[in-house]
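Please keep the sequence and the structure in view while reading.

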Amino acid sequence: MALADLALNQPLPMQVTPADWPGGYWWHWLFFTVVIIAFVLIMVMGAIYLERRAMGRMQSRLGPNRTGPFGLLQPVADAVKVLLKENIVPATADKVVHWLAPVVSFAPVLMIFAVVPFQNGALLADLNIGILYVVAISSIATVGVFMAGWGSGNKYSLLGAMRNVAAVVSYEIPLVLAIVGVVIVSGSLSMNQIVAEQDIPYILVQPLGFLIFFIAACAEINRSPFDLMEADSELTAGFHTEYSGMKFAMFYLVEYAEAIAMSAIITTLFLSGWRGPWLPPWLWFIIKTFVVFFVMVWTRTTLPRVRIDQLMGLAWKFLFPLALINLFVTAIQVVVWPDISQWIFVIVNFAIAAVLILLWSKFFKLGQGRIEV
Amino acid sequence: MTTTREFTLKTEPFVLNIGPVHPSTHGVYRMRCTLDGEVVIDIEPIFGYLHRGIEKLAEERTYTGFIPLTDRLDYISPMSNNLGYCLAVEKLAGIKVPERAEYIRVIMAELQRLANHCVAIGSMLNDAGAYFTPFMYTFRERERIVDLFDMVCGQRLTYNYMRIGGVSQDIPAEFLPALQKLVDRLTRFIEEYENLLKLNEILLARAKGVGILEKDTAINCGISGPVARASGIKWDLRRNDPYSIYDRFEFDIPTCENGDCYDRYRVRIEEMRQSLRIIEQAMKQVPDGPVKADVPHLIRPPAGEAYAHIEAPKGELGYYIVSDNSIAPYRCHIRPTSLINLAALRQMVKGWKVADLIIIFGSIDITMGEVDR
Amino acid sequence: MKFERYGIGIIKGMVVTIKHLLRHPTVTQFPEQRLNISRRSRGNELIWSREKCTGCATCAKTCPQGAIEIVTSTNMAENKYDVETYRVDTGYCIQCGLCVEACPYDAIFMGYSYERAKYRRAELVQTNDDLLESPERPASGYFHPEIAEKLPRQTLLVEKIVEKRKKK
């Protein structure tokens with residue numbers, strides 16, 4: 001653990017350009033920008049394909065398999081279809097806000113990938129506040145959603161967007177607290193450093209933190225079982241009702257790109273990023289990201305949707321206290337016993353997680369039921 | 001100077017139209033809901049979008065020629081509709097049905113109950129948000145049942161199988177072995193399906209305690225079928241007013257106490273198990289013989305009136321036929337199960353949220369063909 | 001929400017779903033693979049036999065929709081009816097099969113084929129020789145067991161075992 005080295009007045013030197021990169025800073029930036037954009041787009045297409053096929057198999061049917069061999073061109077067909085649709089802007093909409101909303105939603109998602117390490121030292125920018133940057137940027141996407149709800153000029157879109165904002169803001173807190181647990185154990189905010197420190201993947205050292213982060217991440221990106229913002233069988237069709245054509249494509253893309261981004265962050269924080277034997281590191285990274293995404297698809301297929309008040313109750317009454325206790329326990333472990341091998345913490349943390357979940361499940365009660373009218 | 005100001009948040013209820021084109025799978029039913037935020041204060045049901053004048057058409061078709069039209073009433077369970085009508089006419093004309101036909105009728109009616117509950121459970125869970133997975137599983141099983149119906153009468157939805165005085169044709173030789181395989185398969189399927197969603201915490205939170213129908217309200221509104229049995233009323237026409245040969249079989253009547261959505265789901269699953277029991281007993285006892293009494297196609301019952309009711313999968317389905325000794329009924333009135341069950345929706349829904357409204361509506365299990373006739 | 005069973009319900013559900021991932025899906029790739037439909041299928045069109053029909057019009061009287069129209073003329077020499085027009089409006093027909101059950105001479109059958117869509121509504125009304133049996137319009141075994149024996153056996157879903165992954 002690098003805690004002993006990390007005195008408060010000696011920050012780690014920020015590596016802007018790796019020492020052996022030819023051409024200097026601007027070529028490094030250009031190369032990684034292109035790589036990130038290509039990576040995000042291709043991974044999103046792969047994610048859409050994986051979701052439709054895996055969900056289909058789990059429902060004992062095939063997914064799409066006619067467009068291209070094994071249906072591999074289905075996301076491309078979807079993209080072409082949605083591009084060719086007419087772009088309708090409602091008359092009562094706020095034009096500038098309506099036009100800007102998809103952009104404001106999509107840009108932060110791409111920016112998250114700037115600090116995610118694909119290989120040892122291979123990032124766009126190895127910020128020493130990496131994970132803090134990620135948390136800050138992912139909150140901007142919510143502003144985009146709210147702009148979409150307001151800019152549509154539709155009462156129900158606004159309601160849907162407000163629900164979304166409330167949910168995202170509530171789930172930020174357990175998310176950040178779970179991250180702080182990992183940061184304490186690894187001793188650094190820089191994503192590259194976190195991966196470098198993971199001799200044991202942090203999913204074992206922080207099981208409760210992983211669970212909290214996973215649930216909070218699903219809620220942040222509006223995935224089932226928390227997808228009431230875009231629910232089909234419910235009333236308000238959500239904030240993207242009034243969008244069609246390329247703008248709708250942007251929102252669709254944002255949904256999957258955020259899912260991939262969260263999967264990438266989970267991989268980096270909890271599953272030891274690009275580390276692994278035999279295969280090249282970037283391949284490990286992609287495989288692990290898809291495994292996490294597959295677990296998200298799996299929960300989407302199985303679980304029904306929660307109601308909005310149950311969603312908020314889950315965040316504030318269940319996840320938040322658990323995250324606080326997790327943080328407290330981790331801090332005690334790190335400060336009081338800095339030299340013990342981490343395997344002991346693995347066993348202790350699993351036991352504490354099991355006890356806490358059992359205890360909290362017994363006490364957790366959602367009070368809101370029928371309201372007298 | 002003292003000022004007393006009352007800080008009350010004035011809200012106004014607004015009227016929302018959950019239109020005839022439904023996001024969920026229940027047909028053309030329109031509800032005008034008065035909402036206060038998310039809470040439903042009142043609903044006004046508007047139906048009649050599927051009215052086809054079947055009761056009037058009965059006066060222009062012969063008694064046998066009306067049987068295809070009864071298929072189209074509750075199109076999820078046509079065998080039950082056929083059976084009810086044939087029982088009414090047989091009561092009117094005093095016709096005795098041969099033994100083999102009785103057994104075949106019971107087998108078909110119970111298979112139809114299974115198929116109907118497959119649709120009901122799948123649709124309700126689909127409304128709860130489980131993204132089509134339970135829906136696909138139950139529809140897969142319904143496919144197996146409908147294949148058997150296809151083997152017997154040639155169609156998959158509008159069977160037109162029962163005739164006045166028996167059934168139209170004998171079952172083919174491969175029906176009973178296939179039925180045995182079906183019974184084994186369905187027994188295993190129900191076990192696996194229970195594992196999927198019976199104890200699921202999210203489903204319990206969405207459906208337990210939601211939409212409670214009190215016993216007294218249910219009796220006052222005339223509710224029948226699984227909805228009534230879930231509220232604690234132990235009333236089943238197969239036991240309390242036996243028709244056909246149901247008094248020869250051993251089966252239980254499942255009831256639950258609370259009357260919420262979860263209980264209605266449980267009652268339907270248990271009824272599926274009891275139907276399998278009845279089918280197993282009936283299969284072993286089928287005698288040989290004719291399958292239709294010697295009744296002409298163009299039957300002229302003596303003048304009079306008769307009412308026959310059966311335990312259709314959705315509740316008590318009754319046919320009231322008045323005859324004036326001609327080839328067509330003078331008046332045929334149908335007691336529509338779904339319409340009478342729908343009358344309780346208003347009481348069940350007040351005070352719950354919009355998301356609950358959808359799942360409560362799904363749990364009553366309505367087919368608009370029967371409501372509107 | 002109360003987690004009464006400490007998350008066990010959710011885990012059990014997810015186990016069921018992942019088991020389905022490893023099973024053969026119950027899907028038939030139409031049009032490359034086709035299933036055999038029921039031998040007693042009440043298909044789209046009616047099949048009429050000119051030799052057996054005597055023009056009694058029992059089928060027309062029985063049809064609830066009035067889709068059959070028969071025009072006959074008397075043939076005094078041979079003491080029978082000559083059927084001049086036998087017209088079925090397949091658009092009105094609800095495929096109930098009552099006409100097949102009613103015919104005393106076994107002169108009318110239900111159709112067995114199912115890909116018989118037409119481009120024009122006028123083509124739905126079929127007269128005389130359009131209604132004869134032909135290779136595109138086989139007769140189904142509804143109410144006629146002797147025809148049903150010759151048709152292929154129906155594929156039943158209940159006979160497809162889906163718990164084991166099918167090795168193709």
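Chain C has an average pLDDT of 83, and 92% of its residues score at least 70; pLDDT is the predictor's confidence in each residue, from 0 to 100. Over residues 163-168 of chain C, the pLDDT is below 50, and this stretch has 5 contacts in the model beyond near neighbours in sequence. Two residues are in contact if their C-beta atoms, placed from the backbone, lie within 7 Å. For the complex, the predictor gives an ipTM of 0.84 and a pTM of 0.87.

The model is predicted: local features need pLDDT of at least 70, side-chain atom pairs count only at pLDDT 80 or more, and totals for chains, interfaces and linings use all residues. Residues are numbered from 1 along each chain as its sequence is written, while chains are lettered from A and ligands numbered from 1 in the order in which they are written.

**Contact between chains B and C**

Chain B contributes 33 residues to the contact and chain C contributes 34 residues. On the side of chain B that touches chain C, the elements giving two or more residues are listed below. Helices (H or I, at least four residues) are DSSP runs, numbered from the N terminus.

| Element of chain B | Residues |
|---|---|
| α2 | 67-71 |
| α5 | 133-153 |
| α6 | 175-197 |
| α7 | 201-207 |

The residues of this side of chain B divide into 12 nonpolar, 11 polar and 10 charged. Here Ala, Val, Leu, Ile, Met, Phe, Trp, Tyr, Cys and Pro count as nonpolar, Asp, Glu, Lys and Arg as charged, and the others, Gly among them, as polar.

**A helix of chain A and the cores**

Helix α8 of chain A (residues 207-220) has 14 residues and reaches 20 Å from its first C-alpha to its last, close to the 20 Å expected at 1.5 Å a residue; the expected span is 1.5 Å times one less than the number of residues. Of the 14 residues in α8(A), 13 are buried, that is, 20 or more other C-beta atoms, placed from the backbone, lie within 10 Å of their own. Just after α8(A), N222(A) takes a positive phi of about 60 degrees.

A nonpolar core is a set of buried Ala, Val, Leu, Ile, Met, Phe, Trp, Tyr and Cys residues joined through C-beta atoms within 7 Å. In the largest such core, of 210 residues, A216(A), I260(A) and I266(A) touch the most other members. α4(B) gives the most to this core, with 16 residues.

Conventions: Buried ≥ 20, exposed ≤ 12 C-beta atoms within 10 Å, placed from the backbone.
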